[in-house]
Amino acid sequence: MVTRLAALPAALLAALLLTVTACSAPGTGRSGVVVTTNILGDITREIVGDQADVTVLMKPGADPHSFGVSARDAARIENAALLVHNGLGLEEGVARNVEAAAGQGVPTLAVGEEVDPIPYAGGRTAREPDPHFWTDPVRVLKAVDVIADRVVEHVDGVDEGKVRASAAAYRERVEELDAWMRGEFAKIPEGRRNLVTDHHVFGYLAQRYGFEVIGAVIPSGTTLASPSGSDLKSLADAVRGAGVRTVFADSSQPDRLVRVMARETGLDIDVVPLYSESLTAADGGAPTYLRMMRANTEAVTTGLTDQ
Ligand SMILES: [Zn+2]
């Protein structure tokens with residue numbers, strides 16, 4: 001083999017070596033990008049464009065904490081050139097599949113770990129890392145960069161220039177979103193920037209735009225936990241104490257517990273639906289990350305201003 005290679009013209013040999021090193025996983029048959037959550041799926045599609053197939057596992061309106069995958073999806077994960085997931089404990093229903101794929105050598109990217117994660121603002125999961133980083137668009141800018149880097153590194157056949165150009169164009173739209181959100185939230189009167197949500201989902205948004213997290217109906221970072229009667233009562237006390245009259249609940253979750261807490265306050269509390277952790281189908285109110293964030297910003301600004 002060595003002698004035969006040595007006999008090849010140097011230019012041809014160089015071309016052969018280049019072909020081999022350009023392949024991310026030669027001979028594995030792995031292709032395309034598989035993404036766990038629909039929010040990261042939308043962002044990844046914006047970056048990848050028509051350069052590779054992007055498969056998104058989580059259905060519109062599903063709960064990222066609990067969704068699972070079919071056997072066919074599990075096979076897709078194992079054949080991916082790159083697996084993009086949120087990480088930091090968000091996707092409890094597919095953690096096992098992600099681990100298995102990584103064990104089989106599929107390149108995996110836990111985006112949450114790359115964007116300077118912070119701990120939960122409170123509740124039973126305080127001090128644990130908070131996976132809901134997408135509520136802060138500035139962290140999404142970091143996410144765009146790292147996803148683009150990994151796509152270029154691991155996915156065969158993509159045109160790096162095109163991927164970088166798509167990432168840069170999307171970055172600009174996320175920067176516009178951040179500036180617009182800042183302007184909208186500035187309209188909320190001082191002293192009313194208080195957030196009460198169904199579970200602890202807005203820690204990053206609160207830190208970025210100067211809100212105080214009063215509490216969450218499920219005093220945890222996951223929708224899979226449940227509050228006790230005394231949890232609901234102490235949140236109702238906090239809500240009364242802070243003068244809060246509007247609380248927010250994800251539109252994909254039943255809001256029964258939020259309403260129980262609201263009744264417990266003895267006050268007239270508005271329960272406003274948000275799209276906090278799942279995109280909707282194309283005909284819904286949050287078919288893309290950018291639309292989701294704009295809809296939430298409007299709902300929070302109006303909800304807290306008019307209360
Ligand atoms: Zn959540």
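How many cavities of 30 Å³ or more does the structure contain? The count comes to one, a cavity being a set of points on a 1 Å grid over the protein atoms alone where a 1.4 Å probe fits but cannot get out. The model is predicted: local features need pLDDT of at least 70, side-chain atom pairs count only at pLDDT 80 or more, and totals for chains, interfaces and linings use all residues. Residues are numbered from 1 along each chain as its sequence is written, and side-chain values use heavy atoms, with hydrogens and water left out.

The largest cavity holds about 30 Å³ of space, the volume being that filled by probe spheres set on grid points joined across faces, edges and corners. Its lining (residues with an atom within 4 Å of a point) consists of Thr37, Ile39, Leu40, Asn86, Leu90, Trp134 and Glu277.

The structure holds 16 salt bridges, defined as a side-chain nitrogen of Lys or Arg within 4 Å of a carboxyl oxygen of Asp or Glu. Arg173 and Glu46 pair at 3.8 Å, N to O. This pair links distant parts of the chain, with Arg173 in helix H7 (residues 160-185) and Glu46 in helix H3 (residues 38-48), 127 residues apart; helices are DSSP runs (H or I, at least four residues) and strands likewise (E, at least two), numbered from the N terminus. In the salt bridge between Asp231 and Arg124, the closest N and O atoms are 2.7 Å apart. Asp231 lies in helix H9 (residues 229-242) and Arg124 in the loop between S4 and H6, so the pair ties together parts that are 107 residues apart in sequence. A network of salt bridges links Asp116, Asp136, Arg139 and Arg208.

How values were computed:
1 Å grid on protein atoms, 1.4 Å probe; cavity = no way out; pocket = protein on both sides within 12 Å on 5 of 7 lines; lining within 4 Å.
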